[in-house]
Every structure is written in C-alpha cells, then in structure tokens.
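This report describes one protein chain, section by section. Please keep the sequence and the structure in view while reading.

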Amino acid sequence: MKIGALIVAAGRGARAGGDIPKQYSSLAGRTVLAWSVRAFTSAGIADVVVVIDPEREELCRAAIGNAARLVAGGTTRTASVRAGLAALADSELILIHDAARPGLQRATVAALVAAIEDGAQGAAPALPVADALRRIDASGRVNGEVERDGVMRVQTPQAFRGDVIRAAYAALPSDAAVSDDIAVARANGADVVLIPGDPKLMKLTYPEDAALLDRMLAGERITCVGSGFDAHRFGEGDHVSLCGVRISHSKGLLGHSDADAGWHALVDAILGALGEGDIGAHFPPSDPQWKGADSEKFLRHAATLVEQSGARVLHVDITLICERPKIGPHREAMRARTADVLGLPPSRVSIKATTTERMGFTGREEGLAAQATATLERPG
Ligand code: MG
C-alpha cells in the first residue's frame, strides 16, 4: 500500500513560559515536531506532510529541513486535516498524528500499518485507564463516578485506509465539532480497532509534561571528558591573545590564526568529548580563510557542534603554561569571555596557570602551551 503520514502542527498554543508554539520548542536536543517527523521517516514512510501555520514556515524549515512536505493549515484542526488529506490524495493508507506527541516510536507506526494492511478500516494506539475516574461539579466537588471498565485513552497517530478517511471527511459537515479522526471516521460508519498504546506517546499539554518528555526522549545520556593540548611559539609583537583576552606583552605568538593556545586547547577538548576529530580537521591551517582568524570563531563552531549533537557542556578547565605574561590579573576576564561564548555561567569555567620552573620550551620562553578538559553530557 502507498503510505502517507500527516502531522497536524498548525496550532498556535505556546508551551507554558514560552512565546513560540509548543511544536517548535526543544526537547532532548530536537524540536517537538522533528521528533515525530523522524519517527515516521525512520519507520520507512517517505511521504510525510506537515500541516503548519503558514506564518511559521521558516521556523518549521529550521526544525525539520526538507524531511517533509509543508502544507498551509486552516483555522481549525478539522480544516488542517482536510488540507493535509488533499496533499495525500493518492495515499492508500494514511496516518494522522498530532505534533504535540513527540514520543512516537517506530514500533507503533509499524503496528498501525500492519493493522490496516490486515484489513482494518481504522486503527489507533490506546492505553487502559489506571486511575479512578470521577465527575466533578463547577466548584470541583465530586458528584459522580465514571465506570473505568471499557474505557481507553486513545493516542495518535490514528491510521486509516485512504478511501475510508477521505470519504469520512467529505461527509463531515463543515461546522461539525469532532474530538479526533476516529470520531470523524466512525460518524461515517467506519470500523476502528485499537492497538496497544505507548506511555511515551503522552501529549505535551501541561507545563510539567515538558520535563517528563525530555527525560523519556533523551534516552541514555553519558558524561564524556575530552582533553586538548596546544602550543604556540613566541615571535615579534606587542601582545598575545589568550582565552579571548588581549594581553600586552613584549612578544607576540606566531600561528596561522590569532594563536590563542588556550581556546585552541579548549576547542580540541570539546571536539574530543564529542568524538569529532581535532581543530585541524575542522579549520585546516592550509585554508587561507583562517589566516589571522579570531579564535572565537573556532570556539563558537565547537559550541554549535555541541548543540547539534544534543549535548551540553557541563564544565571546562583550562591550564595556561608560561613564565610570562602573568595570567593572574586576566583570569577573571578570560573566564567571563569563555563562559560568554559557550553560554555557560562563569562558575562552570576554570582558568588556571602554571610555569614549568624555567625548564623546557615554556621555561625558556620560546613559546607557551595550554591544556584543557571539557566535561560534556550527551546522548550515549
Ligand atoms: Mg593552535
């Protein structure tokens, strides 16, 4: 069967405390919408249509790239589903999913597809109700009971044979209020089965849901420590750049870029924790565009890689090794600059200095060296 997935993401409701719609907020290193798109594509469904608020097209593209087709939604969920169905006119099996359920797993998609291929007209994941259900009055007092037996909590995606759901929406009065697509299909006489649901498919509704979903989606996280080392030779000049701070000195540092050994060691430490090679692989010294470059560029690049990997820098520690210049007077400025570029509080950045007691190349003041460690938390 030709399968299409339709994700309804046109809602304008923002997550509590946020100003962007909740489907574009970030959970465990990915936007809420991107999690669902990824579940469908990883289940082998190539045709994914996302129905969006056209004013959010840019935000949507930033979130999912070209992984799905975008369709402009309407003012109601029903109108948005109609728009999505029109874009999937030749699909024989259609899965309709709410973007606010980012915990979709491949196995659920596969089970829904199997149910329709086995002959069901419609299928949806559902979970039993564990808690007692009570009716309340306007003041919040209990005034009745709801029998829990035979009651299920229905989730999305809801899967349908293409002809069944198209006919159901065609027959639906334009002003009808419906709770979900099963209701639309059943109103037109369709037979719908339920398959086992998934607690991870919980809907992002209340403020506390975000933290819970974040933990569920993050999966295993590991703590990685990367180390870096760098050295640069002294030459003619009147200043050095160390950890983003310009320090007047009787010599300069030679190097292809600004020769900020402190930040170069730090970049290597971050790349090390990510398993992303070394600074030379990312910024080849043979490339003229890095000649005299401000090392802030390198550190910002490392910070971007951290974010793209769904990782987080927990702490960095840099040791500068030189007889001169004296680091002490500049330590707090270096800390502040480094923390600023990495988006960390200064308390997560340590800058230390030592000499080598006049031994070796740093002791003879032929050059200076730096070493760094970066502690990152990232997906395992
Ligand atoms: Mg270097």
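## Terms and overall layout

Helices, of at least four residues, and strands, of at least two, are DSSP runs, numbered from the N terminus. The model discussed here is predicted.

The domain assignment divides the chain into domain 1, residues 3-218, and domain 2, residues 221-379. Between the C-alpha centres of domain 1 and domain 2 there is a distance of 47 Å. One pair of residues gives a further distance: Ala210 and Leu253 are 43 residues apart in sequence, yet their C-alpha atoms lie 48 Å apart in space. Ala210 belongs to helix H7, residues 207-218, and is buried, with a relative accessible area of 9%.

## Helix H1 and the residue after it

Helix H1 covers residues 32-42, and because eight of its eleven residues are buried, it is largely enclosed by the rest of the structure. The buried residues of H1 are Val32, Leu33, Ala34, Trp35, Ser36, Val37, Ala39 and Phe40. Gly44 follows H1 and has a positive phi, near 90 degrees.

Strand E8 (residues 133-136) and strand E9 (residues 142-146) run antiparallel and are joined by four bridges. Within this pair, Arg134 has Glu145 in E9 as its bridge partner. Five residues lie between the two strands of the hairpin, and Gly140 has a positive phi there, near 95 degrees.

Strand E11 (residues 158-161) pairs with strand E6 (residues 93-98) in the antiparallel sense, over four bridges. In that pairing, Ile96 stands opposite Gln158 of E11. E11 is also joined to strand E7 (residues 122-128) by two bridges, again in an antiparallel arrangement. Here Gly122 has Phe160 in E11 as its bridge partner.

## The five-stranded sheet

An open sheet is formed by five strands in the order E16-E13-E19-E17-E18, with mixed pairing. Strand E16 (252-253) and strand E18 (349-354) stand at the edges; each has a single partner strand, so one side of each lacks a neighbour in the sheet.

Strand E13, residues 221-235, pairs with strand E19, residues 367-379, in the antiparallel sense over 13 bridges.

## The magnesium site

Which residues coordinate the magnesium ion? The ion is coordinated by Asp230 through OD, His232 through NE2 and His264 through ND1, at 2.1 to 2.3 Å. Along the chain, these donors follow the spacing D-x1-H-x31-H.

Is Asp230 buried or exposed? Asp230 has a relative accessible area of 16%; because buried means under 20%, Asp230 counts as buried. His232 is likewise buried, at 14% relative accessibility.

## Nonpolar cores

The largest nonpolar core has 48 residues, and those with the most contacts inside it are Leu242, Leu266, Ile270, Leu320 and Met334. Helix H8 (residues 261-274) supplies the largest share of this core, with ten residues. Apart from this core lies another, of 30 residues, with Ala34, Val37, Ile52 and Cys60 among them. Two of these, Ala34 and Val37, are also among the buried residues of H1.

Leaving aside residues up to four places away in sequence, Leu242 touches Ile247, Leu253, Asp260, Ala261, Gly262, Leu320, Ile327, Met334 and Leu368.

## Cysteines

How many disulfides does a search of the whole structure find? The search finds zero. For Cys243, the closest cysteine sulfur is that of Cys322, 10 Å away; because a disulfide requires sulfur atoms within 2.5 Å, this distance is too far for a bond. Cys243 is buried, at 0% relative accessibility, and Cys224 is buried as well, at 12%.

## A residue of helix H11

Ala333 lies in helix H11, residues 331-342. At 37% relative accessibility, Ala333 counts as partly exposed. Ala333 and Arg246 are 87 residues apart in sequence, while the distance between their C-alpha atoms is 9.9 Å.

Methods. Residues numbered from 1 in each chain as written. Predicted model: local features only at pLDDT ≥ 70, side-chain atom pairs only at ≥ 80, totals over all residues. Heavy atoms only, no water. Domains from an automatic or database assignment. Donors = N, O, S within 2.8 Å, 3.2 Å for Na, K, Ca; no water. Buried < 20%, exposed > 50% of the residue type's maximum accessible area, 1.4 Å probe, protein only. Core = buried A, V, L, I, M, F, W, Y, C linked by side-chain atoms within 4.5 Å. Contact = heavy atoms within 4.5 Å. Pairing = 2+ DSSP bridges.
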